Amino acid sequence: MAWVVLLLSGTLEAVWAAALSASKGFKKKGPTVLFFVSIGASLAGLAWAMNEIPTGTAYAVWVGIGATLTLIWGFVTKQERPTLVRVALLLLLIGSVIGLKVVS
């Protein structure tokens with residue numbers, strides 16, 4: 001169950017990162033509210049998952065999921081260019097997150 005919560009928390013990390021960008025420095029109300037709700041839930045889930053998953057592994061997986069999904073969001077919304085090198089590095093990051101799960 002801790003891994004499921006960690007995956008959801010990592011997903012919420014991408015949500016709060018996108019909301020933070022969309023808030024335009026906390027000037028837009030909707031994205032600002034989404035930012036604060038999602039960051040709270042994301043950190044709470046990370047904290048809960050750390051009761052069963054070692055801190056280093058949990059944090060690395062949480063950050064990896066958030067970074068991966070945030071970059072994919074950037075590709076989808078055309079805020080980021082999906083170059084060959086970026087996609088290769090993204091695949092390496094995904095492989096690293098999966099590897100951490102496998103060895104823990």
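**Entry 1: H1 against H3**

I began with the H1 and H3 pair, whose axes come within 8 Å and cross at roughly 45 degrees. This is a predicted model, and I read it as such. The two helices, H1 and H3, are therefore oblique to each other. I noted the hand as well: H1 passes H3 in a right-handed crossing.

Next I listed the contact. On the H1 side I found Trp 3, Leu 6, Leu 7, Ser 9, Gly 10, Thr 11, Glu 13, Ala 14, Trp 16, Ala 17 and Ala 18. They meet Thr 57, Ala 58, Val 61, Trp 62, Val 63, Ile 65, Gly 66, Leu 69, Thr 70 and Trp 73 in H3. By class, I have 14 nonpolar, six polar and one charged for the contact of H1 with H3.

**Entry 2: H3 itself**

H3 covers residues 55-76, which is 22 residues. From first C-alpha to last, H3 reaches 31 Å, close to the 32 Å expected at 1.5 Å a residue.

Which residues of H3 are buried? I wrote down Thr 57, Ala 58, Val 61, Trp 62, Gly 64, Ile 65, Gly 66, Thr 68, Gly 74 and Phe 75. What covers them includes helix H1 (2-22), helix H2 (29-49) and helix H4 (84-103).

**Entry 3: H3 against H4**

I turned to H4. H3 and H4 pack at an angle of about 150 degrees, and their axes are 9 Å apart. That makes H3 roughly antiparallel to H4. I recorded the crossing of H3 and H4 as left-handed.

From H3, the contact takes in Thr 57, Ala 60, Val 61, Gly 64, Ile 65, Ala 67, Thr 68, Leu 71, Ile 72 and Phe 75. From H4, I listed Arg 86, Val 87, Leu 90, Leu 93, Ile 94, Val 97 and Leu 100. The contact of H3 with H4 has 13 nonpolar, three polar and one charged residues.

**Entry 4: after H3**

I followed the chain onward. H3 is followed by Lys 78, and I noted that its phi is positive, near 65 degrees.

Thr 83 lies in the loop between H3 and H4. Is Thr 83 partly exposed or buried? I have Thr 83 at 26% relative accessibility, so Thr 83 counts as partly exposed; the cut-off for buried is under 20%.

Last, I checked Thr 83 against Ile 65. Thr 83 and Ile 65 are 18 residues apart in sequence. In space, I have Thr 83 and Ile 65 at 20 Å, C-alpha to C-alpha.

Terms used:
Residues are numbered from 1 along each chain as its sequence is written. This is a predicted model: local features need pLDDT of at least 70, side-chain atom pairs count only at pLDDT 80 or more; totals for chains, interfaces and linings use all residues. Side-chain values use heavy atoms; hydrogens and water are left out. Helices (H or I, at least four residues) and strands (E, at least two) are DSSP runs, numbered from the N terminus. The expected span of a helix is 1.5 Å times one less than its number of residues. Buried means under 20% relative accessible area, exposed over 50%, partly exposed in between (1.4 Å probe, protein chains only). Contact means heavy atoms within 4.5 Å. Axes are lines fitted to C-alpha atoms, for helices over the stretch in contact, and angles run from 0 to 180 degrees between N-to-C directions. Angles under 35 degrees count as roughly parallel, over 145 as roughly antiparallel, 65 to 115 as roughly perpendicular and the rest as oblique. A crossing is left-handed if the near helix is turned anticlockwise from the far one by less than a right angle, and right-handed if clockwise. Ala, Val, Leu, Ile, Met, Phe, Trp, Tyr, Cys and Pro count as nonpolar, Asp, Glu, Lys and Arg as charged, and the others, Gly among them, as polar.
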